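Please read the points below with the structure open beside them.

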Amino acid sequence: MQIYLALGATDMRKSINGLSLIVSEQFELDLFIGSLFAFCNRKRDLVKILYWDENGFCVWMKRLEKDIFRWPDSEHEVMEINQSALDWLLHGLDMRQAHQLLHYVSAG
């Protein structure tokens, strides 16, 4: 399974349609191949993950009450990571310590 992070902050008022447009138009990635697309807000306390599940889109959301996500900023727009790095990130840890970041994806 491929996992993509939208780097920097995303407007979390966006739901399935808005997040789908970011993935398909801005990142030029295929929404329907079973990949996970993760987004984080400016305060770094909310993550949404968009994915296609056989016959429809799903959005999974996690909000931290006392901590922040160690969400990466970069000059790139999107980064592909592995499951281990996502697990670290969702637990509020610095995913760079997971040692297995894969690569940045060129968008546009």
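1. Start with β5, a strand that is covered on both faces. V78 and E80 lie on one side, M79 and I81 on the other, and all of them are buried, meaning under 20% relative accessible area, where over 50% is exposed and anything in between is partly exposed (1.4 Å probe, protein chains only). In a regular strand the side chains alternate between the two faces of the sheet.

2. This is a predicted model, in which local features need pLDDT of at least 70 and side-chain atom pairs count only at pLDDT 80 or more, while totals for chains, interfaces and linings use all residues. Residues are numbered from 1 along each chain as its sequence is written, and side-chain values use heavy atoms, with hydrogens and water left out.

3. Which strand pairs with β5? β1 does: the two run antiparallel and are joined by 4 bridges (strands pair if DSSP finds at least two bridges between them). A6 has V78 of β5 as its bridge partner.

4. The protein chain has 2 helices and 6 strands, in the order β-α-β-β-β-β-α-β from the N terminus. Here helices (H or I, at least four residues) and strands (E, at least two) are DSSP runs, numbered from the N terminus. The chain has 108 residues, and 44% of them count as buried.

5. The largest nonpolar core holds 17 residues, and the members touching the most others are L5, V47, I49, F69, W71, I81 and L86. Two or more residues each come from β1 (3-6), β2 (36-40), β3 (46-52), β5 (78-81) and α2 (83-90). The largest share, 4 residues, is given by α2. A nonpolar core is a set of buried Ala, Val, Leu, Ile, Met, Phe, Trp, Tyr and Cys residues joined through side-chain atoms within 4.5 Å.

6. Another core, of 14 residues, lies apart from the largest one; A6, M12, V23 and F27 are among its members. In soluble globular proteins, nonpolar side chains tend to be buried together.

7. Is T10 buried or exposed? T10 is buried, at 11% relative accessibility, although this residue sits in the loop between β1 and α1 (16-26). Leaving aside neighbours within four places in sequence, T10 is in contact (heavy atoms within 4.5 Å) with L19, I22, F39, C40 and N41.

8. Contacts can also be counted over the protein chain. Among those with a separation of 6 or more, 55% are between residues 24 or more positions apart.

9. The whole structure contains 4 salt bridges, each being a side-chain nitrogen of Lys or Arg within 4 Å of a carboxyl oxygen of Asp or Glu. One of them joins D11 and R13 at 2.8 Å, N to O. D11 is partly exposed, with a relative accessible area of 32%, and R13 is exposed at 74%. Side chains of opposite charge can pair when their charged atoms come close.

10. D45 and K43 also form a salt bridge, with their closest N and O atoms 3.8 Å apart. D45 is buried, at 15% relative accessible area, whereas K43 is exposed at 60%. In the salt bridge of E65 with R63, the closest N and O atoms are 2.9 Å apart, and both residues are exposed.
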